[in-house]
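My notes follow in the order in which I looked things up.

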Amino acid sequence: MMSEVRFHGRGGQGVVTTSKILANAFARTGQYGASFPMFGFERRGAPVTAFGRFSDKPVREKTQIYNPNILVVLDPSQKKAANVFAGLLPGGMMLLNDKKNTDDVRHENLRKLAVVDANGIAMEEIGLPIPNTVVVGAFAKMSGLLDIAPVVEALADYFSGKKLAANEICAQRGFEQVQMIDL
Amino acid sequence: MNTTTTPSRIKVITGNAAAAIAAKLARPDVVAAYPITPQTEVIEQISTFHASGEMDCELITVEGENSAMNAVMAASLAGGRVFTASSSWGLVFMYDAVLAVAGARAPVVMVNVNRETPGIIAVSSGQQDMISTRDAGWIFLIAEDCQEVLDLVLQSYRLAEDYDIQLPVMVHYDGFFLSYLSEGVDIPEQETVDRFLSVLKDQPRRTVLTPGQKLGVGSHGILGGYMELRHKHVTAMERSKAKFEEIDKEFASIFGRSYGGQVEEYRCDDADIVLLGSGSMCGTIKSVIDDQREKGVRIGLVKMRMYRPFPHQALVAALKGKKAVGVVDRSLAFGFDGGPIYTELKAFETRLDGAQLVSFIDGIANTDITKTNVEKMIQMTRDLADGKDVPEVTWVSYPDANTKGGK
């Protein structure tokens, strides 16, 4: 069974790293993960889309994802954008970084909405509005595909020292504080 | 895959990181490079290895790609093992030195992260930079995934520095689709790589610069002399085909991974029709083939791993007797209707025992070679095999090219 996940955000939010950490965490459980971003000139603030495939079998596809079953939206301003929902499969899930548990995000194929104030938690723990490590923890909880342990372990490949410790707390809090609504 | 016979570990890394780690494992004496999207991460990683002392090489951070290639050429001719990396505009900017390296038979190893070429400004994937430099006299290899990037860089040193070859090798992999793809890569231990490369020490020493002794490089060749050097170059290129196969077999015995040499044949044995592709598209094509095989379609893939020298004997052996072959090009051959690889294969059509050829152009400028596109190509190739009327060339993601009949 392969999950196809599309990540939406902006340069500087750690969209690419979000997808990488999750691919890394899946590999740690003996499963397979592959992720890649799509953008042009690299710069902060520009929209960034990344793709993640997570499976119990090796992932060979090297294409973008047009029919995701999971959406991860790091940039709240894109939460209602048509291109975010494009191709979402029936029974889809969405993880949204937003201040409060909004009830205004709906789509005919969306069955589960998970909201976490990743910017707020990141500000408290690392002092920067970079939501990615909160989001990876929340992803584990929402998807049910991963335990939090491999996600936290994966962080060590991207951070070290005090930053690592703070980001580990971010992931833990994301896992614990994400709120889920069945639609 | 992953039936490793030696200690190893899986890390989730990008294609760029795989290239940098492979370079580190090969223990080059000199690395000279300049950053360019989507290759920059290769140089970032090597700089990090160098700064931390993990990589004991001379790292020359040059002011441009032309200097990078000249620096590694000089270091290589002086007897050093070298590495560099570039892409697109960078490759173009070092072009005269790329040619000089080949003429000097300097065993330079580099990676080129495939991207569209200058002309229409685009930071996007495509093999046009590879096509633009195809007849520079280098050996060109193409990787499908991050593991193959790492493995091909290691194999390239064996090929380039082999006493019977002594030619530069460029490993190509798709920008974005592979350069930034993160996936599990089995990173071999240093001792294993050292063992794999150690045979290079046992061969006769190539001519290198020795202090106090005269050495001429970049010599002028007139008439006969020129032709002799060129002919030697051409025959060394031809020898590299069999050598690459040998290296692949030996690599398999040490690392547990085999790729099939010049071409990989995927589910081709009983296939009526075949797609011929290269690079990252091959992973997607394989997954579509698996789906279609379940529906009873007898389809296979021939993956081109070596592009220069053109592996026509291996291609003919793999494609001979098939009903139809769809050739997928991620680049253009101006003046020809079909793509560059299609056009080159066409020269061997009479040896294919009746296999019909059709050209597909797709994946230019980051256009995604989707599963749907692959399904279309397979359908058209099947139609051709069934005797239906199929256009010789199709721009899969740009229907206007097919209806306006630009010929």
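**Where the chains meet**

I began with strand pairing across the two chains: E2(A) is joined by 2 bridges to strand E8 of chain B, residues 182-188, and the two run antiparallel. Keep in mind that this is a predicted model. For one spot along that pairing, I noted Ala34(A), which stands opposite Glu183(B) in E8(B).

Then I looked up the whole contact between the chains. It puts 21 residues of chain A in contact with 21 residues of chain B. On the chain A side, the elements that give two or more residues are helix H1 (15-28) and strand E2 (32-38). Which of them gives the most to that side? It is E2(A), with 7 residues. I also sorted the chain A side by class and got 10 nonpolar, 6 polar and 5 charged residues.

**A sheet in chain B**

Next I traced an open sheet of 6 strands in chain B, with the order E9-E11-E10-E13-E14-E15 and mixed pairing.

E9(B) pairs with strand E11 (residues 299-304) of chain B over 4 bridges, in the antiparallel sense. Within that pair, Glu264(B) has Lys303(B) in E11(B) as its bridge partner.

Two helices go with this sheet. Helix H10 of chain B, residues 281-294, packs on it and touches E9, strand E10 (273-277), E11 and strand E13 (324-329). The direction of H10(B) makes about 165° with that of E11(B). H11(B) lies across E9, E10, E11 and E13 of chain B, and runs at about 10° to E9(B).

**A helix pair in chain B**

I then checked helix H3 (residues 65-77) and helix H5 (residues 95-103) of chain B. Their axes come within 8 Å and cross at roughly 15°. An angle under 35 degrees counts as roughly parallel, so H3(B) and H5(B) are roughly parallel to each other. Their crossing is left-handed.

Who makes the contact? From H3(B) I listed Asn66(B), Met69(B), Asn70(B) and Met73(B), and from H5(B) Ala97(B), Val98(B), Ala100(B) and Val101(B). By class that gives 6 nonpolar, 2 polar and no charged residues.

I looked up cis peptide bonds next. The one from Thr37(B) to Pro38(B) is cis, with omega near 0°, and Pro38(B) sits in the loop between strand E2 (30-33) and helix H2 (40-52) of chain B. Another cis bond joins Arg308(B) and Pro309(B), with omega about -5°. I found Pro309(B) in the loop between strand E12 (306-308) and helix H11 (312-319) of chain B.

Asp353(B) has phi near 55° and is placed in the loop between helix H12 (340-346) and strand E14 (356-361) of chain B. Is Asp353(B) buried or exposed? It has 10 other C-beta atoms within 10 Å, so Asp353(B) is exposed.

For Ala365(B), phi is near 50°, and the residue lies in the loop between E14 and helix H13 (371-385) of chain B. Ala365(B) counts as partly exposed because it has 15 C-beta neighbours inside 10 Å.

Definitions and conventions: Residues are numbered from 1 along each chain as its sequence is written. Chains are lettered from A and ligands numbered from 1 in the order in which they are written. This is a predicted model: local features need pLDDT of at least 70, side-chain atom pairs count only at pLDDT 80 or more; totals for chains, interfaces and linings use all residues. Two residues are in contact if their C-beta atoms, placed from the backbone, lie within 7 Å. Ala, Val, Leu, Ile, Met, Phe, Trp, Tyr, Cys and Pro count as nonpolar, Asp, Glu, Lys and Arg as charged, and the others, Gly among them, as polar. Two strands pair if DSSP finds at least two bridges between them. A residue is buried if 20 or more other C-beta atoms lie within 10 Å of its own, exposed if 12 or fewer, and partly exposed in between; C-beta atoms are placed from the backbone. Axes are lines fitted to C-alpha atoms, for helices over the stretch in contact, and angles run from 0 to 180 degrees between N-to-C directions. Angles under 35 degrees count as roughly parallel, over 145 as roughly antiparallel, 65 to 115 as roughly perpendicular and the rest as oblique. A crossing is left-handed if the near helix is turned anticlockwise from the far one by less than a right angle, and right-handed if clockwise.
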